[in-house]
Structures are given as C-alpha cells and as structure tokens.
Amino acid sequence: MQTKKHKVLVANRGEIAIRIVQACIKLGLDFVCVHTAEDAASGHVRIAREKGGEKSLYRIASYQDANELLAVADDSGATAIHPGYGFFAEDYRFARRVAQRENKLIFIGPSWRVIRELGDKINTKRLARSLGVPTVPGSDKPIYDEMEAEKVARQLFEFQEEQGIERPLVLVKASAGGGGMGIEEVHDIDLFKSVYRRIRNYALRQFKDDGVLIEQRVLDFNHLEVQVVSDRTGKNPVHFGTRNCSIQSTGLQKRLEIAPGFDPSALNYSFDAQKVLDDITEHSLAMARKVGYDNVGTWEWIVTRDGRPFLMEVNTRIQVENGVSAMISRIRGEKGVDLIKEQIRIGLGEPLGYTQKDITFEGVGIEYRLIAEDPDNKFTPWVGRIEQFGWTQEDWFSMHTHVPTDTPYDIPTEFDPNLALAIIWGKDLAHVKERGLEFLDKLKLEGANKAGEALKSNVNFLRVKTPIILKF
C-alpha cells in the first residue's frame, strides 16, 4: 500500500496526538511524536514510547516553534506532518513552507492555497454569495468610506425591522481582526458613526488596516456544522453528516456536540428541519467543489429560530468533534469509521475510494467534552491534580483522553484543562440521552488542588444540559 513508506510527524499534543498515532498504526505507518517538558506525563508520550520506542519521541521547547518541529521532521526522517487542531492546523504559511522547503513534507490537511482562500472570512463570504449560499447579511468587503458604511448599516436595520426583530443589532468589525478583537454592537443607527470611527481607528492602530465590516447581529440561533471529506483530486467531496454545537460555555466555547444537527423524527421544530440539514449540506459541498477542497474540513452555520441558515465560516482542519460524526456514520454499512484515519490516508494521496451513496447514518451521537473548570464561575479553569479517573467501558461509547487512569496527573497550567472526550451512541435521541446520563453518573473523576480543595469539573453542567439537547 502506498502509505506504508511514510512516517508522520505528529505536531500536536494530548488526545488528538494519541488519535493520530492510533490512526497511523491502523494504516501501517511509522510516526514520531513531540512533547514539551510540561507534557511529560501526557498519554501521547506514553503511547509513543510503547508503540514506537524512544526513537519515536522528541522533546521540544514549544509546540508553536515551526523551526523546531521541522528540525525534528528532518532528524527523524518524517515524510509528512499532521498538525492536529489548533497550533499550525490552519496556518497556510506553515503549510506552504512544509510543502515548498528543500526537504519537502506532505501537510496532512488541505493544500495551503485552499487554507488561504477559505481562511479569509471576506473571501469565503464572497465565494458563498457567488454560489447562492446564504451568509450573514452585511458587507462582503472591507469598507473604508463612512457614508458607504452608514448606508449598509441602515439597510441592515431596515432588513431586521422587516423580519419583525424587535431590537435590531448591527456588528461593526475590524476586517483584519480576529479572536473577538475590534468588534462592537450598535443598536441605534444614530450611534453608528461614532462606533464606526472608533473601530476604524482601533483597526488602524492594531492591524495597520482601517477596513471595517458591517454585519447583522444574529442572536437567537443554533450552531450547526457539516463535516466534509475530499481526496487530493478535490473533485468529489462527500459529507459525513451534520452536528449541533449549540451548548457552549459563557465564552462561546463548545462543550457538548450532537450528531445529527437536528432530529425531526423526535422533536417538533417550527420549520422544516430536514430541509435545513439538506440545504446546508448541499451548500457546503457546492463550495467544496468550487475551491477544489482536498482534505477534511467543517462548514460552520448558524440557523435562526425560524429556520434560516447562514454560513459563518469554514474550518480547514480536523475538529475536536470529528468523532461524534464518525460514531453515527457507516461506510458500505460498516461501523468503525475513523475520520482521522481517512484524513491521513487521503492526505497522503490515496483516492477516497467511496462515494456519497456508500455513506449512511445510524442512530444519534453525543460528544461530551470533560474539562476541569468551574461552570458556576464563568467556566474558570481549575488547576490541580487528578487523583482518580475511571469509567466502566461499554461497547456503546468511546473515550479519548491523554490523562492516565493508573496514576495521578497534574494538569499543566500551560494548556487548557481539557481532560477527555466521551462519545456516546444510541439508537435514537431518547436512547442516547439515557446512555449519556448513565455514563456521566458512573464516571469517576476526583482530585484536589494544592490548597486541598476538591476538583471542579463540568460534569454536572453536561448532566443538566443532556435532557435538552437538540431542542431549539
């Protein structure tokens, strides 16, 4: 098999690094892992030693030092690099460097040109609109003229009033910004000019670009995703269904994901939920075909309470929640779909080997993100030692964790306190909720910090939210 000659550098940590190693083993590939001093006790270090020996493990100073990662690649003889998620996963400059350096590596992800094209939110919106894909109403290019900006804002206020929205809101955003920087809401058109000027000046200072985007602020919505997979030809993308990621922390970080995105067989919606799922899936595939998408990616959508979908963005990487889509997917009727394995296989140049007709779906899946945090205090991260972590294994769920279950584990303060992903399967919505609660009730998770205070986690938050999943 073509892929057997490759060695994959796993340029990440924790749970995703373990799953990449496991996928490499399934494919018969060699691998090499990296870790920082703070991560010496992580499960990905253990599996690298156990399955590959010391030659498969390198200590580095930072997961975000490209030079150090590429030095490891050269020293270990790696031929490909998997960025996981976060870090360099959506950095087109890193992907381009990997592909164009003297000792070329295969970047396990979309080609750098695709990452660049879809990583630009303005360009993504233009592409979507050219294909008739609905996007959040507003400008599709940076606005530098105050009169033009005010005109767009007035149109958005009028549009929302026509939709019966009692308190219209407009977002004023620095077009070159990111991570929530340079964004303000405007609820009164008379205040627009002052906000526009403030954001424009901020953008010029921070980003050296005073371009501003004007968009409608959508408040009451569900957050849905479409999982897309395509091989290096970029010609025949397929989808592995939809997900609902609406249950989030106060900081809008996902905490619980469900596949599929809606369940009209079990719940009543005020709109045609199946049509919405079909529409966002086809829109996502149309965009993937247009850009020649050539790996794994996720199209992120918001759906309003009256059933109107709007494309938010495209994530050009594997996502944390890939496993819940895999859990309900079947390829030619077979269980055990592994989207990370598929990502590596096609990333190394193998043809997809199946069509959309070969992919079917069975049941409902829930993914719980188990995190050491205090939901009652704005989801503040908890720091301390995990003293007991265990569960009773059943064939209807899978656990992915870098936290050891046979020895205490000190949570590194350098990273988010994510502990594990639990992915539950049920034959229908009621069944998966029942099993999800059973899993949470039986889970053993105990610890203490240096002051002797008991571990805080989001387990009860997940327990409270489980009964209401997929309800709008």
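## Basis of the model

Local features in this predicted model require pLDDT of at least 70, side-chain atom pairs count only at pLDDT 80 or more, and totals for chains, interfaces and linings use all residues. Residues are numbered from 1 along each chain as its sequence is written, and side-chain values use heavy atoms, leaving out hydrogens and water.

## Domains

The protein chain is assigned domain 1 (7–108), domain 2 (137–216) and domain 3 (221–468); such bounds come from an automatic or database domain assignment. Between the C-alpha centres of domain 2 and domain 3 the distance is 32 Å.

## Helices α1 and α2

Helix α1 (residues 14–27) packs with helix α2 (residues 43–52) at an angle of about 25°, and their axes are 8 Å apart. That angle makes α1 roughly parallel to α2 (angles under 35 degrees count as roughly parallel). The contact (heavy atoms within 4.5 Å) involves G14, A17, I18, V21, Q22 and I25 of α1, together with G43, H44, I47 and K51 of α2.

## Helix α11

Helix α11 (residues 339–347) has eight of its nine residues buried, so it is largely enclosed by the rest of the structure. Buried means under 20% relative accessible area, with a 1.4 Å probe and protein chains only. The buried residues of α11 are L339, I340, E342, Q343, I344, R345, I346 and G347.

At the start of α11, the backbone nitrogen of I340 has a side-chain oxygen of D338 within 3.0 Å. Just after α11, G349 adopts a positive phi of about 105°.

Note on methods. Buried < 20%, exposed > 50% of the residue type's maximum accessible area, 1.4 Å probe, protein only. Helix = DSSP H or I, 4+ residues; strand = E, 2+ residues; numbered from the N terminus. Polar contact = N/O pair within 3.5 Å; in protein donor to acceptor, adjacent residues only side chain to side chain. Axes fitted to C-alpha atoms, helices over the stretch in contact; angles between N-to-C directions. Parallel < 35°, antiparallel > 145°, perpendicular 65-115°, else oblique.
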